[in-house]
Amino acid sequence: MFEKSLTDLIQGLRANKRNEAQYIQTSLEEIQSEVQMSDTQYKSAAIDKLNYLHMLGYDMNWANFNIVEVMASSRFNEKRAGYLAATQSFHQETDVLMLTTNLIRKDLASSNAMEVSVALDGLAQIVTPEQAADLFEDVLAILGHPRPYIRKKALVCLYRLVLRYPEGLHEFVPRLKDALDDPDPSVVSSAVSVICELSRTNPHNYMPLAPKLYHLLNSSTNNWMRIKIVKLFASLTPIEPRLAKKLHGPLSQLIKVTTAMSLLYECIHTAVVGDVISVPIPVTDNIGREIDFAELCAQNLVRFYESKDHNLCYVGLVTLAHLQAKRPDLVVDQYDIIIGCLDYPDLSIRMRALEVITGMTTRRTLTTSVKRLMSQLILSNTVALQPSNTTNGGLGNGTRAAGSDDDASLSIDSLGTSLVSAQGSFVSPRRSRKLDADPADSPEYRTAIVDSILDMCSRNSYSNMTNFEWYVATLVDLVYVSGVDVGHKLSERLLDVTVRVRQVREYSVKMARRLLSDKNIVEYITCKSPNAKVLSTAAYILGEYSSLLPASSDDIGLLLPPSLSRLNGEQQAMFIQAAMKVYTNWLHDVSGYWNNEMWELVRSVTSATVSTLSTLVFSCADVEATKATAAGSMPMHVLLAAIPLQASVRLRQFFEITKAVSVATSNPSDSAPRICVELHSLFTTYELNPVSAAAQSKVPVPEGLDLDQPVGDPIPDRSRIVMPPSPKPQPRSRRRSTHRDDKNSKSREDRKNDPFYLGGDGADGVNARDLIDLPDVDDIPVVALDLSMEKPATKADKKSKKSKSKKSGRPEKKTHKSRVRSPSPPPVSVDIVGDEDMPAGAAVDDHEQLPTVAATQQT
């Protein structure tokens, strides 16, 4: 007899906790000897123990052949143990699976229903494509078995077989249709479940079954089967719209009378997804009123939101999001209930509620929604730096206090551990007294909140916006309290609203100046900082619309901070370009009241600007180059060449402008120099409007211009130039060769005695003789190659050119057509610039919807 049974093995494991691994190893050795016995009873007991150890994580693939032997036992208990081990151990690559095909076929044809049952269970788990093709007909024949228990298992097994053998689906679908008429409800329920699963891939194949499924929906009392049928109709209704009218009555009746929340959810979900709610047939509610079917669904969905079960709340919000896309008027009425879901501790529920709130926000509820979402960002455990304008500007009732000069300072949260990290992030985690993590600290949730705020405020070209200054203040607040990397999104929205809404430009300039003057942001900024893009946009706004505010020379210093060298070339270029605009605008402003004091001020500011630009060049260039320049050994133009091209070009321009101003103001004068007055016109000649993304493709082609015709002669391919054959080398003279050999041998002797010479003959290095005996340089032939790319002139060309030169009396000159700059389009007399600039003569299609793009930078 075997030493231990399965019970003894389990008891031994509990008794040997300290040396469990050693005990299991000893048991495995005993099992290996037991499976080699000829008695299947001993093998079955060993396989039972091996099944248990396999569930603990120990491998049992070494006993695959022994498992097949137990599966072939004539005793049902042993056969069941073998099939159980096969389902746990066998996989698609198991080599002994081919031995089980005939074994399973024999068990499927057995007169013992229990053997047929265990064979169906095992086959469904271990079936391979080859086995599915071989045994499909055998399992299909079992659908006529007298026992419902076997017919039900055969349907489920056939579902697993057609997944491996799709060709059998043509024979399986008619039998499924017959199974729907089976007298046993369990068989019908299994058939509906199989159809529901198969319809996920291709619902068209099961459209002929709709009449029988509709009959079962009205006649069945099994809620689980009703759920499957309703879910199946949700996939069939989009294919056949006429089913919506047919399902209107049964679904509305089930919604009113059912008490099962699962069935209620499936009915509402199918009515919304299948567009049954669009059928213009009224229904009666619980108090006898005639209402719309969609309104009935919305009323019953409230039961899900108000439930304390998080699962019910989640699925209710999912269905409400689908209902919102078709009937947003019904969702708006439930605003107070949905916004309360933002307080759920479950993050998934918050995300779904956030999605619904974003879509249901109107002009009346916009401020309330943004205030609620901003409060979750501020009151979480993530934010450490909070702007003082959060109360009045970002969360207030649309007041303008956020951008006023009185509240220019920032208030620091007393619980914060630091102001700003070295990477320029404006948040730092602080210790929370709560044991559970706050969902508002999740980066995913915080990013979703920012996206929702931006979407609600800018939807449909700001159709819900009533106070644009409040919106700009909110964008600035998000720079501080977002806590995630959303700088690119905030910069896009800030630039878009500033360019489109003319009335808010002055306020945007104030907020941009405020951002750039915040040392907690600017001093720690780098090119990888989350809000580097926001500061670049703020610099652009301050430079582009600086004329809307009184000019100040302090703005030049704000746009040329010491930390500018840590940004990339594109960001540096935006700051330098903006500084040029502010500088020229300030010159234009002071020229209006010119006197000796203004002359001295212009000289001082220009000198300080040149000094700041020079320092910027030193910090942006290489360190060694900076030291050399400081010593006066390297000119400035060499340093400028080491700077990124975008910034280098604008620095050169700025240096030229300051140089011209310095020359013009070298001596005092009674009136302002002309250059100080007119420099500002370089940037303000044309108004900057948003440019359509389709403008380039809409440029009309001039008449007579063929874009496919080459402009000039084709450039020859250098790779196809045939090199002329090199001449054969002439034999060297004997006298010259002898002289060179003597010279080389003397050199070798000198190097051999030189202790500082590292080369030499042998395995340690390259053989010097091989290098010395190479052909002399004078012996290498020199061939003159004609690689000219010019096309040789023909006699006709020379004659024509000669005659033209004689007629004109002077050499021929090339003429270029002067480029005529198209006039700027007239300004659009609306508050919000909705129409982007298009080229002259461009025809825009009526159905074409142009995307919103940011303004381009005017240079």
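Predicted model: local features only at pLDDT ≥ 70, side-chain atom pairs only at ≥ 80, totals over all residues.
The mean pLDDT of the chain is 78, with 75% of the residues reaching 70 or more.

Turning to the chain as a whole, buried residues make up 44% of its 859 residues. Among contacts with a separation of 6 or more, 70% are accounted for by residues 24 or more positions apart.

Helix α13 spans residues 223-236 and helix α14 spans residues 242-257; their axes come within 12 Å and cross at roughly 150 degrees. Angles over 145 degrees count as roughly antiparallel, and α13 is therefore roughly antiparallel to α14. The crossing of α13 past α14 is left-handed. Which residues of α13 and α14 make the contact? On the α13 side they are Arg226, Val230, Phe233 and Leu236, and on the α14 side Leu243, Leu247, Leu251 and Leu254. Sorted by class, this contact comprises 7 nonpolar residues, no polar residues and 1 charged residue.

I move next to the backbone. Most residues other than glycine have a negative phi. Two residues with positive values deserve mention here. Asp275 has a phi near 60 degrees, a positive value in a residue other than glycine. Asp275 is placed in the loop that runs between α15 (261-273) and β1 (283-284). Is Asp275 buried or partly exposed? With a relative accessible area of 34%, Asp275 is partly exposed.

The second residue is Ser461, whose phi is positive at about 55 degrees although Ser461 is not a glycine. Ser461 also lies in a loop, in this case between α22 (443-458) and α23 (468-481). Its relative accessibility is 48%, and Ser461 therefore counts as partly exposed.

Ser89 belongs to helix α5, which covers residues 76-89. Its relative accessibility is 5%, so Ser89 counts as buried. What does Ser89 touch, if residues up to four places away in sequence are not counted? The residues are Met60, Asn61, Asn64, Ile67 and Thr94. Of these, Asn64 is 25 residues from Ser89 along the chain, and the C-alpha atoms of Ser89 and Asn64 are separated by 7.6 Å.

Gln572 is found in helix α29, residues 569-590. Gln572 has a relative accessible area of 3% and is therefore buried. Leaving aside neighbours within four places in sequence, Gln572 is in contact with Leu564, Ser565 and Leu567, and also with Cys620, Ile643, Pro644 and Ala647.

To close, I return to two of the points above. The α13 and α14 helices are roughly antiparallel, and their contact has 7 nonpolar residues. Thank you for your attention.

Key:
Residues numbered from 1 in each chain as written. Heavy atoms only, no water. pLDDT = per-residue confidence, 0-100. Axes fitted to C-alpha atoms, helices over the stretch in contact; angles between N-to-C directions. Helix = DSSP H or I, 4+ residues; strand = E, 2+ residues; numbered from the N terminus. Parallel < 35°, antiparallel > 145°, perpendicular 65-115°, else oblique. Left-handed = near helix turned anticlockwise from the far one by under 90°. Contact = heavy atoms within 4.5 Å. Nonpolar A, V, L, I, M, F, W, Y, C, P; charged D, E, K, R; others polar. Buried < 20%, exposed > 50% of the residue type's maximum accessible area, 1.4 Å probe, protein only.
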